[in-house]
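Please look over the sequence and the structure below.

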Amino acid sequence: MSTPFETRDGVSFEVANHIARVTIDRPQVLNAVDGPAFDRLNEIWDRIEADSDVRVVVVTGAGDRAFSVGADMTPSAVAKTGLEYWADMDPNGFGGLSLRNTLDVPVIARVNGYALGGGMEIVLGADIVVAAEHARLGLTEPNVGRLALDGGIALLVRKIPHNVAMGMLLTGRKASAQELHSHGLVNEVVPYAELDEAVERWVQQILRCAPTSVRAVKQMVTRTEHLSARDARALLVPALTDALMSKEQEEGVLAFQERREPVWSGR
């Protein structure tokens with residue numbers, strides 16, 4: 001099912017050809033997220049979760065300067081103290097994504113510029129990160145007396161070497177996309193002019209795989225992070241059952257034997 005292109009509350013959204021595209025569309029404030037945009041993002045992720053036709057998501061920011069610089073810090077947007085924010089944190093994390101563990105669809109972060117604070121937390125909540133060469137990423141909250149409470153602190157030390165993560169967390173410094181690629185956080189770094197082509201290549205690689213298998217992989221990873229590898233293998237999550245009972249496993253093997261591209265039904 002397609003969703004026509006729609007921009008509301010500072011976020012653009014569309015679904016076409018199994019691809020959902022989510023764009024933080026507030027370039028005048030470097031795609032900073034205010035209250036209405038935050039609520040809109042949560043609504044969009046909920047819609048994607050409920051739409052079995054969506055097989056991959058691309059999240060990005062409008063323009064070529066910023067993916068997102070996190071929470072909107074303009075006087076009209078900052079309504080909570082740090083303590084009030086901590087007491088009222090969204091369980092899904094920043095932008096409704098950084099700590100969301102119920103989304104069984106792969107998320108590709110198209111990092112087109114600065115990804116700072118909450119913007120970096122959205123990147124940390126993605127599965128694949130493709131960044132432009134000029135992009136800079138960081139959890140800069142300490143520079144303004146705040147903390148990366150929406151998963152940033154906990155996720156960064158799990159995704160890159162401890163000392164590298166601490167060096168960023170304790171200084172609030174911005175790292176280049178290439179540096180974070182060398183540490184495994186960014187999958188690919190390309191010139192800005194080639195960013196869309198690179199993202200599309202990742203999208204098509206995912207779409208070539210069986211949807212049931214992709215969902216099972218995502219669900220098995222997100223729901224077994226706290227387990228040992230042996231215990232994780234034994235946990236029968238719903239998407240795994242669906243994949244093992246699906247017709248797609250038969251179609252995949254048959255297509256391989258017949259030397260043709262498989263035709264996925266999504267069931």
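Is F38 buried or exposed? F38 is buried, with a relative accessible area of 15%; buried means under 20% relative accessible area, exposed over 50%, and partly exposed in between, with a 1.4 Å probe and protein chains only. This is a predicted model, in which local features need pLDDT of at least 70, side-chain atom pairs count only at pLDDT 80 or more, and totals for chains, interfaces and linings use all residues. Residues are numbered from 1 along each chain as its sequence is written, and side-chain values use heavy atoms, with hydrogens and water left out.

F38 has its place in helix α1. Helices (H or I, at least four residues) and strands (E, at least two) are DSSP runs, numbered from the N terminus. Between F38 and E121 there are 83 residues in sequence and 13 Å in space, C-alpha to C-alpha.

Next comes the nonpolar interior. In soluble globular proteins, nonpolar side chains tend to be buried together. A nonpolar core is a set of buried Ala, Val, Leu, Ile, Met, Phe, Trp, Tyr and Cys residues joined through side-chain atoms within 4.5 Å. The largest such core here has 49 residues, and V22, W45, I48, V111 and L156 have the most contacts inside it. Helix α1 (residues 35-50) gives the most to this core, six residues. Leaving aside residues up to four places away in sequence, I48 touches F13, A20, V22, V54, V57, L103 and V105, where contact means heavy atoms within 4.5 Å. A second, separate core has 15 residues, including I128, L195, I206 and V214.

In α4, the buried residues are G152, L155 and L156. Seen down the axis of α4, they fall within an arc of 100°, so they line one face of the helix; the arc is that of the directions from the helix axis to the C-beta atoms. Both α3 and α5 are among the elements that cover them. Helix α5 (residues 162-169) has V164, A165, M168 and L169 as its buried residues. These cover an arc of only 130° around the axis, which puts them on the same side of α5. An α-helix has 3.6 residues a turn, so residues three or four places apart point the same way. The buried residues of α5 pack against α3 (118-124), β9 (136-138), α4 (152-159), β10 (175-176) and α6 (177-182).

On a 1 Å grid over the protein atoms alone, a cavity is a set of points where a 1.4 Å probe fits but cannot get out, and a pocket is an open set with protein on both sides within 12 Å along at least five of seven lines; lining residues have an atom within 4 Å of a point. The structure holds one cavity of 30 Å³ or more. The largest cavity has a volume of about 50 Å³, a volume being the space filled by probe spheres set on the points, which are joined across faces, edges and corners. R55, P106, I206, L207, C209, P211, V214 and R215 line this cavity, and α8 supplies the largest share, three residues.

The second largest pocket has a volume of about 680 Å³. Of its 26 lining residues, D127, K159, V221, T222 and E225 are the closest to its centre. Here too α8 gives the largest share of the lining, five residues.
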